[in-house]
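Hi,

Here is the structure I promised to pass on.

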Amino acid sequence: MSDGVKRRTALAGMAALFAGACSKIADSETGSSLLSAAEDWHRKAHRALANRQALAKEYTRADLSPTFRGNGSLTVDTDAYRQALDSGFPDWTLEVRGLVDTPLSLSMENIRRLPQRTQITRHDCVEGWSAIGEWTGPQLSTLLDAAGVQEGANFIVFRCADNLNGQDYYESVDMVDAYHPQTIIAHMLNGEPLPEKNGAPLRMRIERQLGYKHPKYLTAIEAVASLDDVGAGKGGYWEDRSGYQWYAGV
Ligand SMILES: Nc1nc2c(c(=O)[nH]1)N[C@H]1C(S)=C(S)[C@@H](COP(=O)(O)O)O[C@H]1N2
Ligand SMILES: [Mo]
């Protein structure tokens with residue numbers, strides 16, 4: 001069950017609880033202030049969740065940046081990667097593992113055959129540049145639903161093939177971002193297979209977050225209960241190294 005669904009269920013339960021108690025406590029002063037406090041909490045929780053679920057602005061082809069620059073790792077510095085790149089990634093696999101009922105191992109062909117989403121969005125890097133690109137790929141939610149995310153999973157961790165300054169790049173998001181409709185596994189940029197510098201053959205697009213939350217050279221997606229034992233425990237490469245915020249909403 002997605003976090004969104006879980007929260008809605010929790011909210012509905014809360015509302016039902018207070019509806020049942022209404023007739024008994026509504027008469028008293030304490031009762032009515034308790035009710036309005038609960039309503040207030042309810043409204044705020046809904047608003048916060050609705051805000052997290054809102055779509056990032058989408059643009060038109062006329063807005064596309066002439067070139068989408070590369071940043072951070074611009075390749076994966078191994079012979080295996082260079083060979084895979086030259087041959088069009090016939091053997092690249094994306095694993096879905098961790099707290100799932102059915103671990104998956106998907107080929108590029110498997111990924112291209114899933115229902116696809118195309119979106120034109122603006123990427124904002126903390127280093128102070130932005131670019132608009134058109135990304136295509138399946139929604140992460142499709143893969144998570146196919147694998148069956150288990151009850152105890154609270155985060156999705158993304159593993160990458162590149163090693164940047166001696167550490168493997170990785171990232172993570174909570175279930176609200178994992179199930180966000182614009183969270184996709186992109187294999188195309190501007191209608192072409194993903195370029196090497198932009199994360200070929202697969203990279204995440206997590207459109208409500210800053211650039212460093214969009215892992216490139218994606219190899220695995222892991223459902224976990226906690227981030228404590230992942231990397232240095234802060235949820236991502238830059239979070240571990242430089243104290244960048246784990247939640248980097250835009
Ligand atoms: N695997 C991996 N993913 C990564 C990075 C990286 O170095 N390695 N850099 C991040 C940063 S800081 C940004 S701004 C974007 C850059 O994406 P681009 O190269 O397509 O512009 O990728 C993010 N994802
Ligand atoms: Mo960035």
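Below is what turned up, starting with the ligand and the pockets and moving on to some individual residues.

Some housekeeping: this is a predicted model, so local features need pLDDT of at least 70 and side-chain atom pairs count only at pLDDT 80 or more, while totals for chains, interfaces and linings use all residues. Residues are numbered from 1 along each chain as its sequence is written, chains are lettered from A and ligands numbered from 1 in the order in which they are written, and side-chain values use heavy atoms, with hydrogens and water left out.

**The ligand**

Ligand 1 is surrounded by 22 residues, the closest being Arg69, Asn71, Asp162, Asn198 and Lys216 (a residue counts here if one of its heavy atoms lies within 4 Å of the molecule). Asp162 puts a polar side-chain atom 2.7 Å from a nitrogen atom of ligand 1. From the side chain of Asn198, an N or O atom is 2.9 Å from an oxygen atom of the ligand. Ser73 uses its backbone instead: a polar backbone atom there lies 2.9 Å from an oxygen atom of ligand 1. Taken alone, ligand 1 exposes 530 Å², and the protein buries 99% of that (areas are from the Shrake-Rupley method with a 1.4 Å probe; for residues, only the protein chains shown count as cover).

**Pockets**

Rolling a probe the size of a water molecule over the atoms shows where empty space is left. The search runs on a 1 Å grid over the protein atoms alone, and a pocket is an open set of points where a 1.4 Å probe fits, with protein on both sides within 12 Å along at least five of seven lines; lining residues have an atom within 4 Å of a point. Grid points are joined across faces, edges and corners, and a volume is the space filled by probe spheres set on the points.

The largest pocket holds about 300 Å³ of space. It has 24 lining residues, and those closest to its centre are Asn71, Gly72, Tyr169, Gly211 and Lys216. By type, its lining has 10 nonpolar, eight polar and six charged residues (nonpolar is Ala, Val, Leu, Ile, Met, Phe, Trp, Tyr, Cys and Pro; charged is Asp, Glu, Lys and Arg; the others, Gly among them, are polar).

For the second largest pocket, the volume is about 170 Å³. Phe89, Met108, Arg112, His187 and Pro201 are among the residues that line it, and its lining splits into seven nonpolar, two polar and one charged.

Most residues other than glycine have a negative phi, and most peptide bonds are trans. Which residues go against that here? Phe89 is not a glycine, yet it has a positive phi of about 55°. Phe89 sits in the loop between helix 3 (79-86) and strand 1 (93-98) (helices, H or I with at least four residues, and strands, E with at least two, are DSSP runs numbered from the N terminus). Phe89 is buried at 8% relative accessible area (buried means under 20%, exposed over 50%, partly exposed in between, with a 1.4 Å probe and protein chains only).

Asn190 also has a positive phi, about 50°, and is in the loop between strand 8 (188-189) and strand 9. Asn190 is partly exposed, at 29%. Then there is a cis peptide bond between Ala200 and Pro201, with omega about 0°; Pro201 belongs to the loop between strand 9 (192-193) and strand 10 (203-206).

- Gln119, in strand 3 (residues 117-125), is buried at 1%, and its side chain contacts that of Glu207 at 3.1 Å.

- Leu104, in strand 2 (residues 104-107), counts as buried at 18%; Leu104 and Ala147 are 43 residues apart in sequence, with 6.4 Å between their C-alpha atoms.
- Phe68, in the loop between helix 2 (29-53) and helix 3, is buried at 5%; its C-alpha is 8.9 Å from that of Ser130, 62 residues apart along the chain.

Cheers

Notes. A polar contact is a pair of N or O atoms within 3.5 Å; within protein, one must be able to donate a hydrogen and the other to accept it, and residues adjacent in sequence count only if both atoms are side-chain atoms.
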